[in-house]
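The following questions and answers examine one protein chain, from its overall make-up to individual residues.

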Amino acid sequence: MDLQLKASALVHRRQLTWREKQRSKKFLESSAAMLRDRVEADQAFLFGPMPPQASPLVLFTKQFACDEEHSPLHLSMLVEPDPAADGHADTAPFVSLHLGEGLRCVRSWTRPDGGPITSVAYAWNDAARDIDLVLKGHYDNPDLLEASFDAIEDFAKSIWIA
């Protein structure tokens with residue numbers, strides 16, 4: 001947790017206030033407890049380039065053994081929401097240095113309480129290993145997600161399969 005706070009201070013090129021540190025620690029502790037039992041993921045990343053007063057964006061990766069044909073249709077099923085779901089989805093090709101060509105889907109919808117949510121999902125097929133890899137995250141502040149989008153894209157490009 002202290003490492004996350006130090007990284008946040010470095011990214012923002014300033015010392016965090018005591019209040020920002022306390023808020024971040026509380027968020028990290030409660031998120032870890034909640035997510036541990038609710039999210040099926042291989043890895044979780046706390047995305048630090050969000051402003052210190054905002055909750056960090058949590059991104060998850062999940063690897064799947066792929067026994068289906070590696071095709072654009074198969075890949076799109078990993079990132080695109082159910083066609084019957086409400087909201088808007090924009091899917092486009094996405095190239096990563098380590099994983100090659102994949103897809104990115106940015107989706108926005110409204111929560112039951114009326115608030116907005118935006119998600120971003122990336123997916124790649126690694127045909128040589130018969131693995132699909134998905135990276136997903138969502139945030140309840142679309143403007144903040146959009147403002148951090150370049151950094152999120154850079155992070156997605158840095159992912160690789162060990």
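Q: What percentage of the 162 residues in the protein chain is buried?
A: Buried means under 20% relative accessible area, exposed over 50%, and partly exposed in between, with a 1.4 Å probe and protein chains only. The model is a predicted one, in which local features need pLDDT of at least 70 and side-chain atom pairs count only at pLDDT 80 or more, while totals for chains, interfaces and linings use all residues. Residues are numbered from 1 along each chain as its sequence is written, and side-chain values use heavy atoms, leaving out hydrogens and water. Of the 162 residues in the protein chain, the buried part is 40%.

Q: In what order do the elements of the protein chain run from the N terminus on?
A: Helices (H or I, at least four residues) and strands (E, at least two) are DSSP runs, numbered from the N terminus. The protein chain has 5 helices and 6 strands. Their order from the N terminus is α-α-β-β-α-β-β-β-β-α-α.

Q: Which residue has a side chain joined to that of Arg-104 by a polar contact of 2.8 Å?
A: Arg-104 lies in strand β4, residues 100-110, and is buried at a relative accessible area of 17%. Beyond its neighbours within four places in sequence, Arg-104 is in contact (heavy atoms within 4.5 Å) with residues including Asp-90, Phe-94, Tyr-122 and Phe-149. A polar contact is a pair of N or O atoms within 3.5 Å; within protein, one must be able to donate a hydrogen and the other to accept it, and residues adjacent in sequence count only if both atoms are side-chain atoms. The side chain that makes the 2.8 Å polar contact with Arg-104 belongs to Glu-153.

Q: Is Asp-130 buried, partly exposed or exposed?
A: Asp-130 sits in the loop between β5 (116-126) and β6 (131-139). Its phi is near 55°, a positive value in a residue other than glycine. Most residues other than glycine have a negative phi. Because its relative accessibility is 41%, Asp-130 counts as partly exposed.

Q: What percentage of the accessible surface of the protein chain belongs to carbon and sulfur atoms?
A: Accessible areas come from the Shrake-Rupley method with a 1.4 Å probe; for residues, only the protein chains shown count as cover. The accessible surface of the protein chain comes to about 10,000 Å². The part belonging to carbon and sulfur atoms is 53%.
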